[in-house]
Amino acid sequence: MTAAPTRLACFGGIYSNYLALEAALADVRRRGVDAVYCLGDLGAFGPHPDRVFPLLADHDVVCVQGNYDDSVGNELDDCQCGYVDPQDNHFAQISYDYTLAHTSAEHRAYLRQLPAEIRLEIDSRRVLLCHGSPRRTNEFVWESTASDHFLERLCREADADVVLATHTGIKWQRQLAEGRQFVNVGVLGRPENDGRRNVWYTLVEFGGDQVQVEFVPVEYDFARLAREMADEGLPAEFQETIRTGWWTTCLEILPVKERRRGAF
Amino acid sequence: MAATLPVIDDPRVPQVELASFDQLWFQVAGTLCNLTCHHCFISCSPKNDSFGFLSLDEVQQRLAESVPLGVNEYYFTGGEPFLNPQMVEILIATLEYGPATVLTNATVLKDEWLQRLADADAASRFSLEFRVSIDGFSPETNDPIRGEGTFARALRGIVKLVEYDFLPIITAARSWPEADEARVVGEFTEMLRREGYRRPRLKILPMLHLGAEVERTHGYRPSERITAEMMKGFDRSQLICDHARIVTDRGVCVCPILIEAPDAVLGQSLAEADRPFGLSHGACYTCYQYGAICSNPSAASGGGHAARPT
Ligand code: SF4
Ligand code: SF4
């Protein structure tokens, strides 16, 4: 008799989008999974950062600490996203200052104690859950700028067969040599810069010869989110991203292939 | 040239190891360039052949060598890379291995090359980045540094790259006071938009006081050196030599900035070049002050708490 497959639901970057989080968790519940993981960056960008925490607690979501969580938890000066363009940094700072000011002390304490990584062993596979990369919480690992042999080295150095990460805001996955796999699970916080308004989470199923990865689109009330962002005085540029599905800020960090797909 | 780069033999000079071999650079055009910019930190010119072209064969061999080392990104520089007659083939070959970035002055680009590169780019999973060097937003700021008429020529090259949808990153060495930065950058961006570059990508570099730049302003003062004290608590990943090496026709050197320094060649193979380097040079001081000036923005990761390896 073979054991039932183990199914994980994973997402990153909630960015205070509690409406998308609610919708994703409802979908996860319908499908039935063994565990739910958030790979970090609970706050940022969206309104009312405190609203995501009760949802995570109610659904037993286990969280990894993202750079934003480290910053907010420890009340640092900036989000540590590592943008290099002055305009990008300008918007990142608005978002960070708002998020820090509106995250309660209790939730800051929660963020502070989150682990930088989580290791699992499933079906004799070593699984590493992290935020940016196995070696750096805020490393951007983009699909078009990661060679196969580099990803294999990251896995090797981290003693992992499967690496699950987020941080860049765009999902992707790569099958590597020796059955290894690197998966960017995407983000719930904002759409993917493809002109669609939905966001994404990821189902990872262990059991067969291969680890199965399914990216799941999440529809939610984006118009309401954008309205609430406006009411909170968050930049029109952020609302536009939510309403249109195109990124309007923090674009200089994108490699050319990912940038070309966007509108700006 | 080497005379401007004294090696300071001092046990207090901090050593930096190749912590992670993430970037492999190629001095693919040696020191040969069709231009003779005053600020060129390795004094490239049409006649400076102290470093020569790398052949497609040599590049192929290095690409294969880089696989077991887990190298991530490949960068091509010179001189002017597109003076190398095999440059298009070299980039096409590289896109089989990983992302490629080429640093060009955009004054010699041909449509036929760009069409072939656009096809290769479309067929590849990896990004092909063009970085174009220019100085300031007008011939008045650019041409005194880069030569008469070079602003107009570079602009035509940029427009060409935009036509093929390469979205080039425009790299400008800072030739203006930092206080004027917002205005200078704003005007430059506007100019690029008027030329049809709807979403210009910019990267501002610090001026390096090396090579021809020594004549233009001043060299490094002896006090402008990195000390062991300064390295305490410093995020070394801000230095290129922490995660890169460069292949030249004389061997594998520590970083793209110091190829002419007498101690820069670290070995003949990539594996040999994986050894520590003493930061004894004035240019090291600039790296220390300004951070990873040579990498693409997409390869950036910020400093601070979260930047620590986990
Ligand atoms: S700065 Fe660039 S374009 Fe100018 S001479 Fe040097 S290599 Fe050539
Ligand atoms: S010039 Fe910069 S990159 Fe080169 S060895 Fe010195 S510190 Fe390292």
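Where is the place of Asp49(B) in chain B? In this model, which is a predicted one, Asp49(B) sits in the loop that runs between strand E2 (23-27) and helix H1 (56-66) of chain B. Asp49(B) is exposed, with a relative accessible area of 57%, and if we leave aside its neighbours within four places in sequence, Asp49(B) is in contact with Thr31(B) and Leu32(B). As for distance across the chain, Phe130(B) is 81 residues away from Asp49(B) in sequence, and their C-alpha atoms are separated by 24 Å.

I will go through a few of them.

One of them joins the two chains: the side chains of Arg136(A) and Asp235(B) meet at 3.2 Å, N to O. On the chain A side, Arg136(A) belongs to the loop between strand E5 (125-129) and helix H6 (148-157), while on the chain B side Asp235(B) belongs to the loop between helix H8 (228-231) and strand E8 (244-248). Arg136(A) is buried, with a relative accessible area of 11%, whereas Asp235(B) is partly exposed, at 23%.

Within chain B, Arg201(B) forms a salt bridge with Glu129(B), and the closest N and O atoms are 2.9 Å apart. Because Arg201(B) lies in strand E7 (residues 201-205) and Glu129(B) in strand E5 (residues 128-134), this pair ties together parts of chain B that are 72 residues apart in sequence. Both Arg201(B) and Glu129(B) are buried.

A further salt bridge stays inside one helix: Glu187(B) and Arg183(B) meet at 3.4 Å, N to O, and both lie in helix H6 (residues 181-194) of chain B, four residues apart, which is about one turn of the helix. Glu187(B) is partly exposed, with a relative accessible area of 33%, and Arg183(B) is also partly exposed, at 44%. Elsewhere, salt bridges that share partners join Arg135(A), Glu139(A), Arg153(A), Glu157(A) and Asp22(B) into one network.

Finally, I come to ligand 2. Which residues surround ligand 2? They are Ile240(B), Cys241(B), Cys255(B), Leu258(B), Phe277(B), Leu279(B), Ala283(B), Cys284(B) and Cys287(B). Helix H9 (residues 282-290) of chain B gives the largest share of this shell, with three residues. By class, the shell around ligand 2 has nine nonpolar residues, with no polar and no charged ones among them.

Conventions. Residues are numbered from 1 along each chain as its sequence is written. Chains are lettered from A and ligands numbered from 1 in the order in which they are written. This is a predicted model: local features need pLDDT of at least 70, side-chain atom pairs count only at pLDDT 80 or more; totals for chains, interfaces and linings use all residues. Side-chain values use heavy atoms; hydrogens and water are left out. A residue is near a molecule or strand if one of its heavy atoms lies within 4 Å of it. Helices (H or I, at least four residues) and strands (E, at least two) are DSSP runs, numbered from the N terminus. Ala, Val, Leu, Ile, Met, Phe, Trp, Tyr, Cys and Pro count as nonpolar, Asp, Glu, Lys and Arg as charged, and the others, Gly among them, as polar. Buried means under 20% relative accessible area, exposed over 50%, partly exposed in between (1.4 Å probe, protein chains only). Contact means heavy atoms within 4.5 Å. A salt bridge is a side-chain nitrogen of Lys or Arg within 4 Å of a carboxyl oxygen of Asp or Glu.
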